[in-house]
Amino acid sequence: MSARRRDANPRPRGLGTMVGVVWRTRYRSILVWVIALGTSMVGTAVAVAGLYDTPTKIHTYAQAVTSGRALEAINGHVEGIDSLGGVIQDEFGFLAAFLLPLLGIALVAGSTRREEESGRLETVLGGRIARHEPVLAALAVACVAILATSVLFAVGLVLAGVAVSGAILYSVALGALAFAFAGLAGLLAQLVLHARGVYTWSLITLAVAYLLRGVGDTTNTPVTWLSPLGWAEKTAPFGDQRWWVLAIPAVAGLVTGGAAVWLAARRDVGSALLRGGAGPVRATRFRRRPIGFAAWLHRPATGGWLGGGILLTAMLGSLARQFLGAMAGNPALARAMGVEDGRPLDGFVAATQLYLAIIAAGYVIQAVGTLRTEEAEGRLETRLGGTLSRVRWLAAHTAVVATGLVLIVAGSSLVLALSTAWSVGDTAEFGAAVTAGLAYLPAELVLAGLALGLFGWWPRGFGFAWAGYAVATFIALLGPGLKLAQWVLDLAPTTAIGNPPLGAVDVGNLAALAVVAAALVLLGFVAFRRRDIPRA
Amino acid sequence: MSQPVIHTRKLTKTFGKVCALDSLDLTVQPGEVYGFLGPNGAGKSTTIRILLGLIRATGGRVELFGADPWRKAGSLHGRLAYVPGDVALWPGLTGGQCLDVLGATHGGVDQKRRSDLIERFALDPAKRIRDYSKGNRQKVALVAALAAQADLLILDEPTSGLDPLMEQAFQQCVRERRQDGVTVLLSSHILAEVEALADRVSIIRRGRTVATGSLADLRRHTRTSVHAVTDREPENLDGAQGVAEWVSAPMDGRVDTTFTVDADHLDAMIGRLHAARIHTLTVTPPSLDALFLQAYGEALDARESDATLAEAGR
């Protein structure tokens with residue numbers, strides 16, 4: 001940067017200023033993203049390098065993974081999987097497919113449409129900033145963040161012992177994936193009116209991309225090339241190394257990002273191409289009632305988590321036969337899934353149900369968190385300004401959230417039972433798959449109770465509900481594999497369920513969990529009835 | 001019997017070490033529009049939240065329709081409607097849906113008045129709240145409260161974000177509600193609005209009442225400015241009791257005099273001016289503005305404010 005000058009005809013240096021604004025207002029989340037992504041990637045690489053430290057082990061892994069199409073649908077088709085880099089690409093495949101696009105989307109959406117929606121953009125444009133510069137600056141900062149992430153990846157991979165050229169190509173391919181989605185988010189930010197819309201449409205695009213990539217990989221057709229996720233995969237960093245494929249996401253990102261800048265310079269500030277239309281003039285009788293209103297408020301989240309649960313169980317269930325085949329051919333994989341006593345199907349269902357329990361618990365905490373948001377944004381005050389009493393309000397929401405939980409668990413379990421039966425060709429496991437899901441309800445309710453108790457008793461500490469969820473998830477998923485002490489395992493309420501249908505369910509434990517959950521809910525209600533609203 | 005609608009006595013609220021209300025007294029009689037004035041952070045919204053039973057008083061007495069608002073919040077709210085200071089609504093609902101959801105928690109909704117108000121405030125009920133401007137969101141909350149069949153309206157800075165035309169419509173609506181016998185507690189720092197609507201006012205600062213009474217009462221405690229041109233020099237005026245800011249000078253063969261005088265001595269002063277043969281006379285009554293600034297400004301010197309204004313309030 002040169003020294004400050006005041007020329008007679010000053011060339012507006014709006015872009016530099018704007019980049020500074022974006023950086024100063026967003027550097028925290030940018031750093032969190034880059035560091036979290038970088039460390040998780042490098043951590044995965046190092047862990048994989050430690051686990052598969054001989055060519056034989058890598059070869060066994062490659063054999064297991066390629067023994068069916070099941071894992072390819074989830075993690076993608078990895079060319080050159082018979083190498084350390086290939087194993088890392090496969091292990092990271094699922095996470096990378098979501099996290100890198102999200103990196104691009106979050107960085108751009110947060111500093112474009114969100115700022116415009118809040119009116120802050122107007123303040124900025126009141127200064128010496130041209131209309132197209134904010135989105136350009138947002139894209140520039142996002143590019144730098146993506147580049148930094150890629151560099152971290154590459155360094156981590158090389159340190160883990162991956163060949164340098166493959167490490168670089170893989171990291172750049174992932175960066176290009178993030179870049180393509182950053183451009184898309186920038187374009188969407190010009191088209192829709194609210195930041196929420198940018199997220200919704202980018203995530204829908206991502207879901208379609210994941211689906212296309214999965215279909216292409218399992219059917220071995222060029223469909224894969226239609227998906228940005230497929231472009232990253234087709235660079236084949238640990239196989240044929242097709243560098244030219246990088247041009248596709250680069251062009252996609254440049255075209256969408258360029259269109260965003262072009263549109264931003266030409267459209268009215270605050271306008272949008274796609275606007276929400278008019279809605280109903282009156283509220284239905286049901287929505288006016290506390291329970292109906294609560295149902296409306298929780299419907300999007302319930303639908304989202306239910307969709308996630310069904311997607312997971314349908315996908316895993318329909319691949320059940322392939323999993324069984326893979327486990328039969330590879331005792332190591334079976335052991336990793338906790339199946340040692342010759343009941344692989346039960347082991348498969350049990351592992352899936354644990355994932356589902358984590359999804360369901362995430363739903364209840366988010367749903368109770370919605371109540372905290374209602375309070376923090378002042379809407380709870382509006383709501384309680386009338387004849388509706390606190391207890392009725394909270395009871396209505398509790399009932400709706402509990403119903404949503406049962407819906408998510410029962411619905412997804414049913415889908416798991418159906419898809420598994422379809423895949424393996426018999427219904428012997430049908431009942432067990434459904435009841436295993438329902439057996440997890442008391443554990444999920446304990447976390448709901450924790451969230452509700454915090455909301456009533458110490459609303460500002462609601463973050464601890466998420467912390468508790470993170471700890472419980474970590475213990476439930478990784479605890480047994482890491483051979484943690486029993487008392488640590490017992491900290492996760494899911495441990496007390498007994499891993500059905502592989503293990504036996506202890507009815508006494510379920511009752512005890514239910515009592516704990518009820519006590520926590522009661523604490524939440526009593527405290528909520530007595531406290532100030534809004535609680536400062 | 002004339003039981004006050006709102007009655008607080010030595011109302012106190014502390015948040016940790018911060019004292020938001022420091023023995024606040026407030027009495028609102030049925031059927032009156034009561035102005036509740038004070039600078040930002042004076043404790044207006046805290047008082048209102050206690051009246052609604054949303055937060056609990058640390059000390060003192062508070063009664064709404066003769067009952068404890070903390071214990072009887074649900075049933076008491078059937079008789080009132082409330083517009084919060086920061087209107088927060090659900091972005092995903094349309095304006096019309098919001099009105100219905102809010103109306104469902106009121107004692108009752110006058111459907112005819114509802115549609116009438118939507119028209120008067122030029123509100124589009126099919127639009128979603130997230131697409132409304134700030135002023136339009138405010139209008140939704142106002143229409144919901146004004147359409148409610150309530151005995152009491154609690155309005156916390158209700159016109160922030162409204163344009164002057166809508167402000168007029170709002171004032172007209174409040175007057176109509178008062179004619180129907182509705183009591184109104186109007187918290188505001190827009191003096192013109194309070195002056196136009198309120199029968200009685202309280203001015204609070206740092207959680208204490210610094211002045212209270214009817215507007216006429218309050219005016220009596222401020223000074224009237226007098227500008228007179230007389231044929232002769234008025235006698236015994238300069239330095240007389242109750243007179244201040246005396247300036248007198250000869251002008252075109254007459255005497256031009258300006259001074260301020262307190263209400264109790266106005267009559268005697270006019271008599272003396274009359275004795276000096278009045279040529280022209282302008283008497284400017286104290287505006288609420290002056291009172292307000294006096295209450296705030298002088299209050300910076302807490303000792304003086306507590307001594308004179310609280311006294312004046314009694």
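# Reading helices, cores and a sheet

Trainee: Which residues does A:Leu188 touch, not counting residues up to four places away in sequence?

Mentor: A:Leu188 touches A:Val198, A:Trp201 and A:Ser202. Touching, or being in contact, refers to two residues whose C-beta atoms, placed from the backbone, lie within 7 Å. This is a predicted model, in which local features need pLDDT of at least 70 and side-chain atom pairs count only at pLDDT 80 or more, while totals for chains, interfaces and linings use all residues. Residues are numbered from 1 along each chain as its sequence is written, and chains are lettered from A and ligands numbered from 1 in the order in which they are written.

Trainee: Is A:Leu188 buried or exposed?

Mentor: Start with the cut-offs: 20 or more other C-beta atoms within 10 Å of a residue's own make it buried, 12 or fewer make it exposed, and anything in between is partly exposed. A:Leu188 has 25 other C-beta atoms within 10 Å, so A:Leu188 is buried.

Trainee: In which helix is the place of A:Leu188?

Mentor: A:Leu188 sits in helix α8 of chain A. Helices (H or I, at least four residues) and strands (E, at least two) are DSSP runs, numbered from the N terminus. As a general idea, an α-helix has 3.6 residues a turn, so residues three or four places apart point the same way. Helix α8(A) is mostly covered, with 25 of its 28 residues buried.

Trainee: Where is the place of A:Met327?

Mentor: A:Met327 belongs to helix α14 of chain A, residues 320-329. A:Met327 counts as buried because it has 22 C-beta neighbours inside 10 Å. A:Phe348 is 21 residues away from A:Met327 in sequence and 9.7 Å away in space, C-alpha to C-alpha.

Trainee: Which residues touch the most other members of the largest nonpolar core?

Mentor: A nonpolar core is a set of buried Ala, Val, Leu, Ile, Met, Phe, Trp, Tyr and Cys residues joined through C-beta atoms within 7 Å. The largest one has 148 residues, and those touching the most other members are A:Ala360, A:Val364, A:Val368, A:Ala451, B:Val143, B:Ala145 and B:Leu153. Helix α16 of chain A (residues 344-376) gives the largest share of this core, 17 residues. Another core, of 82 residues, lies apart from it, and includes A:Val34, A:Leu139, A:Ala167 and A:Tyr199.

Trainee: How many residues of chain A are in contact with chain B?

Mentor: On the chain A side there are 26 residues, in contact with 31 residues of chain B. Helices α12 (285-288) and α17 (379-384) of chain A are the elements giving two or more residues to that side. The largest share, 4 residues, comes from α17(A).

Trainee: What is the order of strands in the open sheet of chain B?

Mentor: In general, strands of a sheet pair through backbone hydrogen bonds, either parallel or antiparallel. Here two strands pair if DSSP finds at least two bridges between them. The 4 strands run in the order β11-β12-β10-β13 (chain B), with antiparallel pairing. Strands β11 (243-251) and β13 (278-284) of chain B are at the edges with a single partner each, so one side of each is left without a neighbour in the sheet.

Trainee: How many bridges join β11(B) to β12(B)?

Mentor: There are 7 bridges between these antiparallel strands, and B:Ala244 has B:Thr260 in β12(B) as its bridge partner. Their hairpin has 2 residues between the strands, and B:Asp252 takes a positive phi near 50° there. Strands β10 (residues 223-230) and β12 (residues 254-262) of chain B pair over 8 bridges, again antiparallel. Along that pairing, B:Arg223 stands opposite B:Asp262, and B:Val229 has B:Asp256 as its bridge partner.
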